[in-house]
Amino acid sequence: MLKDAETEKAANELVEIGRLLSARGWVPATAGNFSRRVDRDRIAITGSGLDKGELTPEDIRIIPLAGPVPSGVSAETPLHLSLYRRDPEIGAVLHTHSLPATVVGRAHAGAPEIVFRDYELQKGLRGRTTHATPLHLPLFANSQDMTALTAEVECRLSIDDHGYVLAGHGLYAWGRDMQEARRHLEALEFLLACELEQGRYRR
Ligand SMILES: [Zn+2]
């Protein structure tokens, strides 16, 4: 049950982003999960097994940043919690299962990162002012062992990263608020889609 204006605002933002990302086809078959910081100690996160384009505020859970993961939330909740715990500036985390992220991640499986070069939209990520600086997007092998995966992500992620890919699985992106998280997600999705298209023309 939602109890105050801030949790209500957080839930509404998650419902809205769910509709938008579902309409783009980035969260098929109930996949994906989204979260938003409520305050220093809590986040709002989507419930598990739900169509992300048909969420209502009642489908959003408010959970503490500390302590064990409550039941009824996504199995990937530890990956969200880990990001909020390590960086108090993070205000929202979005996770999609798009076709480009899934395929390009598989194509680079075994590599530590996907490198984007000379795309104008690399500037869609905070702190980047030119296409000339390569963008290194961390890549991890997929796993159902969330404890091990979370530990590996924490170990390799830099404070300057704004996202990462799980091979054959999907993309995580985040920002200081929902607006920035969405911009980072859209920029990375676009770059991954470009890489997928580019593959048609490589010889
Ligand atoms: Zn996932």
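Me: Is the crossing of α2 and α4 left-handed or right-handed?
Reply: In this predicted model, helix α2 covers residues 77–86 and helix α4 covers residues 146–156. The two pack with their axes 9 Å apart. The crossing of these helices is right-handed.

Me: Why is α2 roughly parallel to α4?
Reply: Angles under 35 degrees count as roughly parallel. Helices α2 and α4 pack at about 30°, and therefore α2 is roughly parallel to α4. The angle that decides it is about 30°.

Me: How do the residues of the contact of α2 with α4 divide into nonpolar, polar and charged?
Reply: Helix α2 contributes P78, L79, S82 and R86. From α4 come M146, L149, T150, V153 and E154. Their division is five nonpolar, two polar and two charged.

Me: Which strands are the edge strands of the open sheet?
Reply: Eight strands make up the open sheet, with mixed pairing, in the order β3-β2-β1-β4-β8-β7-β6-β5. An edge strand pairs on one side only. This holds for β3 (60–64) and β5 (113–116).

Me: Which residue is the bridge partner of H95 in β8?
Reply: Strand β4 spans residues 92–96 and strand β8 spans residues 170–175. They pair in the antiparallel sense over five bridges. In β8, H95 has as its bridge partner Y172.

Me: At about what angle does helix α5 run to β8?
Reply: Helix α5 (residues 178–198) packs on the sheet. The strands it touches are β1, β4, β5, β6, β7 and β8. Between the directions of α5 and β8 the angle is about 145°.

Me: Which side chains along β5 point to one face and are buried?
Reply: Side chains alternate along β5.

Me: Which residue of β6 is the bridge partner of V115?
Reply: Strands β5 and β6 run antiparallel and are joined by four bridges. In β6, the residue bridged to V115 is H136.

Me: Is N12 buried, partly exposed or exposed?
Reply: N12 sits in helix α1. Buried means under 20% relative accessible area and exposed means over 50%. N12 has a relative accessible area of 38%, so N12 is partly exposed.

Me: How many Å apart in space are N12 and N142?
Reply: In sequence, N12 and N142 are 130 residues apart. In space, taken from C-alpha to C-alpha, the separation of N12 and N142 is 30 Å.

Key: Residues are numbered from 1 along each chain as its sequence is written. This is a predicted model: local features need pLDDT of at least 70, side-chain atom pairs count only at pLDDT 80 or more; totals for chains, interfaces and linings use all residues. Side-chain values use heavy atoms; hydrogens and water are left out. Axes are lines fitted to C-alpha atoms, for helices over the stretch in contact, and angles run from 0 to 180 degrees between N-to-C directions. Angles under 35 degrees count as roughly parallel, over 145 as roughly antiparallel, 65 to 115 as roughly perpendicular and the rest as oblique. A crossing is left-handed if the near helix is turned anticlockwise from the far one by less than a right angle, and right-handed if clockwise. Contact means heavy atoms within 4.5 Å. Ala, Val, Leu, Ile, Met, Phe, Trp, Tyr, Cys and Pro count as nonpolar, Asp, Glu, Lys and Arg as charged, and the others, Gly among them, as polar. Two strands pair if DSSP finds at least two bridges between them. Buried means under 20% relative accessible area, exposed over 50%, partly exposed in between (1.4 Å probe, protein chains only).
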